[in-house]
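Here is a briefing on one model. It covers domains, the chain contact, nonpolar cores and a sheet.

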Amino acid sequence: MSMNEGKKELTGAAILLEALQKEGVDLIFGYPGGVLLPLYDALLDSPIRHILARHEQGVVHAADGYARVTGKVGVCLATSGPGATNLVTGITNAYMDSIPLVVLTGQVVTSLLGTDSFQEADITGITMPITKHSYLVKDAREIPRIVKEAFYLAGTGRPGPVLIDLPKDVLAMKVEPSPADINLRGYQVPGQGDSAKIAEAAKALSECRKPVIYVGGGVITSGAGGVLRQLAEKASLPVVTTLMGIGCLPYEHPNLLGMVGLHGAVAANYAVDDCDLLLAVGVRFDDRVTSGLGHLFATKAKIIHIDIDLAEIAKVVRTHIPIVGDARLVLEELLTVLEGFTAPQVADWWDQLHAWQNYYPMRYDKDRLTPQLVIECMGELAGKDTMVITDVGQHQMWAAQVYPVAKSRNFVTSGGLGTMGFGLPAAMGAQIARPNDLVFLITGDGSFQMCIQELATIAYNKLPVKIVLLNNGVLGMVRQLQKFFYGERYSQTDLDGNPDFVKVAEAYGIRGIRVDSYEQVRSAISEGLKHPGPVLLEFMVSRDDDVLPIVPPGKPITEMLGG
Amino acid sequence: MLHTLAALVENHPGVLTRVAGLFARRAYNIDSLSVCQTDDPELSRMTIVVNGDDQVIEQVRNQLNKLVIVHSVTDLTAESVVDRELALIRIQVSSETRAEVLQTVDIFRGRVVDMGRTNLTVELTGDVEKIDGFIKAVRPYGLLEMVRTGKIAILRSET
């Protein structure tokens, strides 16, 4: 009788796929290559579904979109060298917005490492500043532990991308896997906040006259939308959101003042500037919100900052009550403690806020074909479970300002990095993640062309994404900045040579509809929604529509143009 | 102001790169960095001297702590510590100056560890001010070469 009976030797590739399955992974986005041959062979025997994209940038943005709309860890796979380096933009994008990803890259055999071999790139070195953590696997026995650690790191605390670099010989070697005992002595996940500080915050809240809650991506990540709503309603607190926080309260909620910052609502910016208490939750006082002027932000306010990442607290603004912890857990405790205090006297403050809202509403033409009109119409015709994915640029800001997002995880946009090209693959990932919900992609002619090859993936997988292309023939946002701040000297912002996008869509087997008149907008969108598969709705809009209000560079957020 | 941080980090290849990379991209000013083994085979100890005001140092500590490979960071600056540095310093000497130089070495309680016809090499340990002081004293004779370890520091015991 053999002593090793029952102990199985597996290839590194098989061990990896088993480890992924143990983490609940049933889907990965990828693109093969030479060093990944052992893994792609093993995939044929695995129940894990693989979605083949058409560029590694599409692979990583798709995993990112998947993660944003579900809260699960997105998984993607690319080969060594150029495959891995093509992921860098997408990894940086996930890092900047704190999105949980496990990024698997193939690598040359261990004996060739560091010798400038074919398709070799030091991807762990290259991505060091843009990953939460990374691993270069030298021994296949370590794979179970590494995978378990990677998923734990990616998905807990402040989420982020974790990279695992897998040399070809490690994937091919046959070993007995070691147990997955994780060893992360240097990593702690904050949970409940400090009760004394929470009590202090509750007292400050009850005593203030002009409070504002400022929320962002952290509220979405921690699932704190429900308790935020309760808190806002109970104490009659106005709420402003960042781009990343859109959806944490439904669009039409009476306490929601809108987005704050460079293209935020006037009432929101004035409220933050005038408030005497700022409750900041899951936000990082980014320069799109503060205009890079931390010392001029909410200067009259006592600032309470709740965040899971200690390094974000007091990074930009002076903080009076810092609370490190999970946003949902802290707000839940705050809500309970608040029961013991009187609600703040905010009637006069609300009079002021309503006055600002009435005097400075969001304005746009509704009697001609404008981007805002298209977006408004989309919102009217689609249901509350609709996911809206955007690309980057003017259309992104209009989507943020106008589309009536109903829930958390229904608005997907590249916030921190502002990556053009993110939209199409992210929409792909979102549709695959939630096949029964409607997906709108709002994009521009500039952004759309950056990952346009993913139309093939969408067509092949029959993903019924509704692509709304706002085509103005120019690189809109940059052109607008040249218009306002460079004396209309337009340098390199004309996108000459744009193709007929409807023909491009049809070449990929996707239905294309062009709209160039105001009268056709509603019917075109209806038709697109009725169409059972993917559809491109191209709206020919003017290059002279501007995103307003806009805070000029270097000015505080109270000095808006066009508000 | 110079702050001394002691960090316990994982004993792996690549750890130094991560820490150095963090400092480089956030433009933190490293004055010196020293790494050594500890009694725990999984951990190394880094002593980093950083130049910055209180707000910057707070950020440095928090960003360092965020790294998964960093287990703890202590700011030793305000604490009661023993700090030391080791230097090997090669000084130019002639028959006229040799005696003076040797006197200086003696005063600073250094040791001569290498002798040439026209130079000698001194090993010196002490706190950073003492090393700086010695270098200033011997510079006029001609500093040929110098290697310093960077500061290491340990908290004084409370009892």
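Two residues count as in contact if their C-beta atoms, placed from the backbone, lie within 7 Å. By that criterion, the contact between the chains draws 14 residues from chain B and twelve residues from chain A. The model is predicted.

**Chain contact, side of chain B**
- Helix H1 (15-25), helix H2 (54-66) and strand S4 (70-75) of chain B are the elements that give two or more residues to the side touching chain A.
- H2(B) gives the most to this side, with five residues.
- By class, the chain B side that touches chain A has three nonpolar, six polar and five charged residues.

**Domains of chain A**
- Chain A is divided into domain 1 (10-175), domain 2 (195-359) and domain 3 (371-540).
- Between domain 1 and domain 2 of chain A, the C-alpha centres are 37 Å apart.
- Five residues from domain 1 of chain A and five residues from domain 2 of chain A make up their contact.
- On the side of domain 1 of chain A that touches domain 2 of chain A, one residue is nonpolar, two are polar and two are charged.

**Nonpolar cores**
- In soluble globular proteins, nonpolar side chains tend to be buried together.
- The largest nonpolar core has 186 residues. Those touching the most other members are A:Cys76, A:Val102, A:Tyr214, A:Leu278 and A:Val468.
- Leaving out residues up to four places away in sequence, A:Val468 touches A:Val374, A:Met378, A:Phe440, A:Leu441, A:Ile442, A:Leu537 and A:Phe539.
- Another core, of 14 residues, lies apart from the largest one. Its members include B:Leu5, B:Val49, B:Leu64 and B:Val70.

**Sheet of chain B**
- Chain B has an open sheet of four strands in the order S2-S3-S1-S4, with antiparallel pairing.
- Strand S2 (29-37) and S4 of chain B are the edge strands, and each pairs on one side only.
- From one strand to the next, the twist averages 20°.
- Eight bridges join S2(B) and strand S3 (residues 43-51) of chain B in the antiparallel sense.
- B:Val35 stands opposite B:Met46 in S3(B).

**Helices on the sheet**
- H1(B) packs on the sheet and touches strand S1 (2-10), S2 and S3 of chain B. The direction of H1(B) makes about 145° with that of S1(B).
- H2(B) also packs on the sheet, where it touches S1, S3 and S4 of chain B. The direction of H2(B) makes about 160° with that of S4(B).

Terms used. Residues are numbered from 1 along each chain as its sequence is written. Chains are lettered from A and ligands numbered from 1 in the order in which they are written. This is a predicted model: local features need pLDDT of at least 70, side-chain atom pairs count only at pLDDT 80 or more; totals for chains, interfaces and linings use all residues. Domain bounds come from an automatic or database domain assignment. Ala, Val, Leu, Ile, Met, Phe, Trp, Tyr, Cys and Pro count as nonpolar, Asp, Glu, Lys and Arg as charged, and the others, Gly among them, as polar. A nonpolar core is a set of buried Ala, Val, Leu, Ile, Met, Phe, Trp, Tyr and Cys residues joined through C-beta atoms within 7 Å. A residue is buried if 20 or more other C-beta atoms lie within 10 Å of its own, exposed if 12 or fewer, and partly exposed in between; C-beta atoms are placed from the backbone. Two strands pair if DSSP finds at least two bridges between them. Axes are lines fitted to C-alpha atoms, for helices over the stretch in contact, and angles run from 0 to 180 degrees between N-to-C directions.
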